[in-house]
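Here are a few exercises to work through with the model open beside you. Try each task before you read its solution.

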Amino acid sequence: MTHMVSKTARIGKNVSIGAYSVIGDNVEVGDDTHIGHHVVIDGHTRIGSRCRVHPFSVIGGDPQHKKHDSIVTPALIIGDNCTFREHVTVNTGSSFGNEIQMHDREHGGTSKKRATTRIGSNCLFLAGSHVGHDCKIGDDVVISNGSLLAGHVCVGDGATVGGMATIRQFVNVGSWSMIGGSTEKSENNSKDDQTFISI
């Protein structure tokens, strides 16, 4: 098999990597994770254990923001047991995001603050979905086919976003919400980010 894994990437135990996949310098992959063929994982990206990344996904790409300062090196953190189906894209944080403390191998293992996109555990991202820079996704979330999350979107635990839905930047989707297919969501569920909302 022909794949490119950086010598400085940290790959856990029992990880399988398909043909023509590329794993970048600052990537960490947890145990028992499967990476399919033609996958790109880049940036300061940490993927948990028992995740599955299907073909043609790009995980940890640069933020799609015209004013992002490329000197900043933001990050992406993904929990355990997450599945990314075909053609899913997930961006790192941006120079406009909230910073969190992270271990930094580039500077002798010291801790450094990085703007970060965060995804919890047990999440499912269906084919063609997109998670923008600086998003915060909880646990047990489903993002359906072709759905687009703009930058700085927060999705609470257990929420489901229907197929082809678009979520505007800075919108909060409450825990256990159901966003219908082809919905355009441009405001929060409610003033207090109420849960159990169907749209």
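**Exercise 1. Find the open sheet, give the order of its strands, and name the edge strands.**

Solution. Keep in mind that this is a predicted model. Start with the order of the 9 strands in the open sheet: S1-S4-S7-S10-S13-S17-S20-S23-S26. Next, look at the direction: the pairing is parallel. Finally, look for strands that pair on one side only; these edge strands are S1 (4-5) and S26 (184-185).

**Exercise 2. Follow the bridges from strand S7 into S10, and from S10 into strand S13.**

Solution. Begin at S7 (residues 40-41), which runs parallel to S10 (residues 58-61) and is joined to S10 by 2 bridges. Here Ile41 has Ile59 of S10 as its bridge partner. Now step on to S13 (residues 89-91): S10 pairs with S13 through 3 bridges, again in the parallel sense. Ile59 finds its bridge partner in S13 at Val90.

**Exercise 3. Search the whole structure for aromatic pairs and describe what you find.**

Solution. The search gives 1 aromatic pair. Its rings belong to Phe84 and Phe125, with 4.9 Å from centre to centre and 5 degrees between the planes. Planes under 30 degrees apart count as stacked, and this pair is stacked. Phe84 sits in strand S12 (residues 83-84) and Phe125 in strand S16 (residues 124-125), so the pair ties together parts that lie 41 residues apart in sequence.

**Exercise 4. Are Phe84 and Phe125 buried or exposed?**

Solution. Take the cut-off: buried means under 20% relative accessible area. Phe84 has 0% relative accessibility, so Phe84 is buried. Phe125 also has a relative accessible area of 0% and is therefore buried. Then check the surroundings of Phe125: setting aside neighbours within four places in sequence, its contacts include Phe84, Val88, Ile119, Val131 and Ile137.

**Exercise 5. Where does Asp31 lie, and which residues does Asp31 contact?**

Solution. Asp31 is in the loop between strand S5 (28-29) and strand S6 (34-35). Its relative accessibility is 32%, so Asp31 counts as partly exposed. Apart from neighbours within four places in sequence, Asp31 is in contact with Gly12, Lys13, Val15, Ser49 and Arg50.

Terms used
Residues are numbered from 1 along each chain as its sequence is written. This is a predicted model: local features need pLDDT of at least 70, side-chain atom pairs count only at pLDDT 80 or more; totals for chains, interfaces and linings use all residues. Side-chain values use heavy atoms; hydrogens and water are left out. Two strands pair if DSSP finds at least two bridges between them. Helices (H or I, at least four residues) and strands (E, at least two) are DSSP runs, numbered from the N terminus. Rings of Phe, Tyr and Trp (its six-membered ring) pair if their centres lie within 6.5 Å; planes under 30 degrees apart count as stacked, over 60 as edge-to-face and the rest as tilted. Buried means under 20% relative accessible area, exposed over 50%, partly exposed in between (1.4 Å probe, protein chains only). Contact means heavy atoms within 4.5 Å.
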